[in-house]
Amino acid sequence: MNPVYEKLMKCYESVKEKVKFTPKVALVLGSGLGDYAEDIKITATLDYHDIEGFPVSTIPGHKGRFVFGYVEETPVVIMQGRVHFYEGYSIQDVVLPIRLMKLMGAEVLFLTNAAGGVNFDFHAGDLMLIKDHISMFVPSPLIGANLDELGVRFPDMSDIYDRELRDMIKNLARDLEISLQEGIYIQLTGPAYESPAEVQMCRILGGDAVGMSTACEALAANHMGMKICGISCISNLACGMTDQPLSHKEVQEAADKVAPRFKKLVTNVIAEIGRDRG
Ligand code: HPA
């Protein structure tokens with residue numbers, strides 16, 4: 001068996017043994033939303049450490065667990081803590097949890113992250129709906145023998161971030177009076193923040209926000225036929241756009257400030273997905 005698939009199936013067997021729950025939505029929590037899982041009706045939790053073969057995050061303070069429960073009536077699995085490529089994992093390991101949540105039954109993937117704004121019209125504290133992405137600065141998780149059990153060799157990418165979901169999110173944000181930018185997310189490897197020249201490159205390429213996650217996850221989910229949506233919390237303007245140097249602490253604090261608004265929007269979106277899609 002393909003080793004990537006074998007590892008995935010081993011994790012899946014391990015999860016199935018421990019938790020009986022079929023989620024509809026899979027939510028990945030980025031910085032600033034880290035404690036969102038504590039706000040929902042939790043029915044079970046599963047530490048990543050307790051899943052055989054599962055990649056575990058090395059960043060201090062990053063919780064690593066799946067939380068299962070309900071946002072209003074919608075059954076969800078939440079990733080409280082993700083693994084990043086810059087931690088040294090293979091890109092296939094980075095997306096393993098996404099694939100796993102699809103195997104658990106999740107049809108919709110909701111990605112969140114903190115990102116640096118590269119668009120001069122953005123401000124720290126903005127929320128940005130992801131319209132599309134540029135993922136090619138990290139290796140594709142689909143490189144290698146195709147996992148035919150998961151999807152096709154050459155997946156279509158015309159509508160990665162589902163248009164219907166995007167329209168629904170924009171309408172909800174308007175109703176809730178939460179202002180929402182829309183733009184293109186570029187994933188770079190990190191872990192260093194970008195140099196001003198790299199930030200300029202991102203802008204020239206058509207990017208609006210830059211970060212170190214998300215696009216590879218969307219790629220893997222798209223391969224498996226999930227419906228995907230994503231929102232970035234613009235925690236800062238990227239390096240060189242202001243006089244201030246960037247620190248992880250500042251990024252974290254800025255993301256925490258946006259959290260109440262971000263959580264409100266996420267809750268409403270997930271509740272609506274539950275209503276909309278039976
Ligand atoms: N660059 C990359 N990733 C980030 C940033 C940034 O400026 N802010 C938060 N995550």
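Let's start at the ligand: one of its nitrogen atoms sits 2.8 Å from a polar side-chain atom of Glu194. That is a polar contact, meaning a pair of N or O atoms within 3.5 Å. Before I go on, this is a predicted model, where local features need pLDDT of at least 70, side-chain atom pairs count only at pLDDT 80 or more, and totals for chains, interfaces and linings use all residues. Residues are numbered from 1 along each chain as its sequence is written, and side-chain values use heavy atoms, with hydrogens and water left out.

Back to the ligand. A polar backbone atom of Ala114 is 3.3 Å from a ligand nitrogen atom. For Gly116, a backbone N or O atom lies 3.4 Å from a nitrogen atom of the ligand. Who else surrounds the ligand? Among the residues there are Tyr193, Val210, Gly211, Met212, Ser235, Asn236, Leu246 and Val251.

Next, the second largest pocket. Its volume is about 150 Å³, where a volume is the space filled by probe spheres set on grid points joined across faces, edges and corners. A pocket is found on a 1 Å grid over the protein atoms alone; it is an open set of points where a 1.4 Å probe fits, with protein on both sides within 12 Å along at least five of seven lines, and lining residues have an atom within 4 Å of a point. Here the lining has 15 residues, and Ser235, Asn236, Gln244, Leu246 and Glu250 lie nearest the centre. Strand 9 (227-237) and helix 6 (248-276) are the elements that give two or more residues to that lining. Helices (H or I, at least four residues) and strands (E, at least two) are DSSP runs, numbered from the N terminus. By class, the lining has nine nonpolar, five polar and one charged residues. Nonpolar covers Ala, Val, Leu, Ile, Met, Phe, Trp, Tyr, Cys and Pro; charged covers Asp, Glu, Lys and Arg; the others, Gly among them, are polar.

Now the backbone. The peptide bond from Gly190 to Pro191 is cis, with omega near 0°. Pro191 is in the loop between strand 7 (181-187) and helix 4 (196-204).

Two residues other than glycine have positive phi. Glu177 has phi near 55°, and Thr214 has phi near 75°. Are they buried or exposed? Glu177 counts as exposed because its relative accessibility is 73%. Thr214 counts as buried, at 0%. The cut-offs, with a 1.4 Å probe and protein chains only: buried is under 20% relative accessible area, exposed is over 50%, and partly exposed is in between. Glu177 is in the loop between helix 3 (163-175) and strand 7. Thr214 is in the loop between strand 8 (209-211) and helix 5 (215-223).

Helix 5 also holds Glu217. Glu217 is buried because its relative accessibility is 2%. Leaving out residues up to four places away in sequence, Glu217 touches Val28, Arg82, Val95, Ile98, Leu109 and Leu111. Contact means heavy atoms within 4.5 Å.

Over to strand 7, where we find Ile186. Ile186 is buried, with a relative accessible area of 0%. Neighbours within four places aside, its contacts include Ile134, Phe137, Cys202 and Leu205. Leu142 is 44 residues away along the chain, and the two C-alpha atoms are 18 Å apart.

Last stop, helix 1 (residues 3-18), which holds Ser14. Ser14 counts as buried, at 7% relative accessibility. Which residues does Ser14 contact, beyond its neighbours within four places in sequence? Asp50, Ile51 and Glu52.

Technical notes. Near = heavy atom within 4 Å. Polar contact = N/O pair within 3.5 Å; in protein donor to acceptor, adjacent residues only side chain to side chain.
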